[in-house]
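Let's take a walk through this model together. Have the sequence and the 3D view open side by side, and we'll go from the whole chain down to single residues.

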Amino acid sequence: MNSAFLKRLCLISFVLNVNVGSALEWDKIDLPEMGDSAGVLISPQEEKQLGEAFFRSLHQQVDINQDSEIQQYIQRIGETLVSHSDTPAYPFHFFVVMENAINAFAGPGGYIGVNSGLILMTEAESELASVMAHEIAHVTQRHLYRSYESSSRLSIPMMAATLGAILLGTQSGAAGQAAIMAIQAGSVQFQINFTREHEEEADRVGMQTLSKSVFDPRSMPTFFERLQQSTRYAGQNVPEFLRTHPVTASRISDSRGRADNYPYKQYPDSLAYQLIKTKLYVLLSVDNDETSALLQAKLNQGLPEQRIVANYGLGLVALKTQNFAKAEEIFQKLVQQFPEQPHYSAALARTALEASNYKVALARYQTLSRQFPENDSIKIDYVSALLKAGEPSNAKNVLLQLSQKTQQLPIFSQLLAQIYGDLNQPAESHRYLADYYFAMGETQQAILQIRLAQQIHNISPQLVAILHEKLAFLLTTDEQERHR
């Protein structure tokens with residue numbers, strides 16, 4: 001990483017108006033904005049590198065969702081929006097942070113996170129889409145880079161960790177405090193009014209994206225208004241989303257006025273939205289009995305589809321508490337009633353898998369893989385079933401059918417490492433386990449895995465070269481991280 005690059009990228013995520021306490025005197029800042037519409041400050045390759053480092057750092061700070069169904073859903077919503085944005089070819093990455101706090105953020109390289117707490121607060125799929133469209137606009141309008149003013153000697157790992165701390169509202173940690181000290185020492189300043197201007201622009205551009213896709217533009221002011229009203233008496237406990245995205249009455253009024261320019265029509269929620277929201281609710285619940293009681297109460301109220309979704313939730317609670325007989329009964333009925341719905345069939349197959357009924361699980365996943373050949377979530381579960389059933393060769397064949405996007409996720413390297421271990425190829429297993437640990441932000445563990453792989457005899461010259469190159473890269477990264 002060249003020094004010029006390091007100097008050009010100092011704490012660019014302060015654009016989102018994060019509260020860093022009294023360390024900075026914001027009222028004294030009044031500097032002109034510098035544009036970066038053509039990527040002058042940072043090249044696409046540099047942006048990609050920073051984004052990847054940012055995402056790795058996040059794994060050390062928060063619990064990032066690893067459920068393939070949830071990941072597939074949030075990625076699909078994001079890609080739908082991006083395809084209707086003004087930069088449809090930009091390589092966005094969407095993910096869910098398993099936190100009850102209400103927050104969403106846009107990081108470098110198009111990494112956009114949405115907290116599970118925010119998803120659960122939405123009352124319509126278009127509300128979730130409106131938040132994501134807003135964050136997409138922060139990226140497409142290059143707000144992270146347009147607010148850049150001065151330089152710093154911070155390393156890429158330091159910047160990545162700091163970006164994560166800032167955007168997640170955890171800036172009181174060591175990385176955040178070090179960043180604040182660096183800002184003070186370097187006299188780095190940012191324009192005071194970027195928040196209002198950038199938030200309004202993200203509203204406008206995001207609403208345009210919504211209007212071109214399958215979501216309701218009116219959902220943006222509706223959600224922001226409800227969020228503001230629900231936290232009116234929150235005092236110091238204001239959601240992080242409102243700290244980083246201040247919502248004013250005039251801003252809500254402006255966005256509602258823009259939304260009213262679009263013709264009115266119905267925007268029904270997808271079934272997937274309701275099912276994923278229910279799944280998150282069950283996964284995050286701490287009292288399974290209370291969750292069951294609430295879902296049970298919904299079986300006799302609302303629309304038929306809502307009652308069916310509540311029943312699906314009861315099945316998930318049964319699976320979570322290892323009541324496999326009840327889960328089997330619920331999911332069997334749902335599959336019989338809705339054979340074309342992948343979530344119900346996947347839950348039924350997963351029930352057999354978690355109950356260690358591998359023969360039944362494999363039969364179900366084989367059927368599902370033929371029925372839903374493009375569903376990566378089902379393929380990942382199928383791979384797990386094949387591994388537990390002692391069929392690593394077949395597991396490898398299925399794993400390699402995953403889309404390129406899914407192969408970039410940590411779970412791909414984790415499963416591939418397990419496959420090679422079961423195939424008695426330990427060097428390859430350590431190699432891919434190193435990739436997994438690195439993706440999860442555990443660089444020293446990754447180095448250990450490469451060293452273990454290098455100790456194995458009779459490996460091919462090609463693998464020797466690969467391991468040598470990986471180790472050199474990991475050692476350099478580790479050195480940078482130690483001095484962040």
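**The chain as a whole**

Among contacts in the chain between residues at least 6 apart in sequence, 68% join residues at least 24 apart; contact here means heavy atoms within 4.5 Å. Keep in mind that this is a predicted model, where local features need pLDDT of at least 70 and side-chain atom pairs count only at pLDDT 80 or more, while totals for chains, interfaces and linings use all residues. Residues are numbered from 1 along each chain as its sequence is written, and side-chain values use heavy atoms, with hydrogens and water left out.

The chain holds 25 helices and three strands. Helices (H or I, at least four residues) and strands (E, at least two) are DSSP runs, numbered from the N terminus. Of the 484 residues, 53% are buried, where buried means under 20% relative accessible area, exposed over 50%, and partly exposed in between (1.4 Å probe, protein chains only).

Now for the strands. β1 (residues 93-97) runs parallel to β3 (residues 111-115) over five bridges, and β2 (residues 104-106) pairs with β3 in the antiparallel sense over three bridges. Two strands count as paired if DSSP finds at least two bridges between them. If you want landmarks, Val-97 has Asn-115 as its bridge partner in β3, and Ala-104 has Val-114. Between β2 and β3 there is a hairpin with four residues between the strands, and in it Gly-109 takes a positive phi near 75°.

How much of β3 is buried? Five of its five residues are, so the strand is largely enclosed by the rest of the structure. In a regular strand the side chains alternate between the two faces of the sheet. For β3 both faces are covered, with Tyr-111, Gly-113 and Asn-115 buried on one side and Ile-112 and Val-114 buried on the other.

Next, a look at a pocket. Rolling a probe the size of a water molecule over the atoms shows where empty space is left. The second largest pocket contains about 690 Å³ of space. A pocket, on a 1 Å grid over the protein atoms alone, is an open set of points where a 1.4 Å probe fits, with protein on both sides within 12 Å along at least five of seven lines; lining residues have an atom within 4 Å of a point. Grid points are joined across faces, edges and corners, and the volume is the space filled by probe spheres set on the points.

There are 29 residues in the lining of this second largest pocket, and Gln-66, Asp-67, Ser-68, Arg-350 and Glu-354 lie nearest its centre. At least two lining residues each come from α3 (68-82), α13 (271-284), α15 (304-320), α17 (342-354), α19 (376-388) and α22 (410-422). The largest share, six residues, is supplied by α19. By type, the lining splits into 13 nonpolar, seven polar and nine charged residues; Ala, Val, Leu, Ile, Met, Phe, Trp, Tyr, Cys and Pro count as nonpolar, Asp, Glu, Lys and Arg as charged, and the others, Gly among them, as polar.

Stay with α17 for a moment. Its 13 residues reach 18 Å from first C-alpha to last, close to the 18 Å expected at 1.5 Å a residue; the expected span is 1.5 Å times one less than the number of residues. Twelve of the 13 residues of α17 are buried, including Arg-350. The cover over its buried residues includes α3, α13, α15, α16, α18 and α19.

Ser-356 has a positive phi of about 65° although it is not a glycine, and at 45% relative accessibility it counts as partly exposed. Gln-322, in the loop between α15 and α16 (324-337), also has a positive phi of about 65° without being a glycine. At 58% relative accessibility, Gln-322 counts as exposed.

Ser-213, in the loop between α9 (194-212) and α10 (219-230), is buried at 9% relative accessible area. Leaving out residues up to four places away in sequence, Ser-213 touches Leu-81 and His-84. Leu-467 lies in helix α25 (residues 461-482) and counts as buried at 1% relative accessibility. Beyond its neighbours within four places in sequence, Leu-467 is in contact with Arg-431, Ile-450, Ala-453, Gln-454 and Ile-459.
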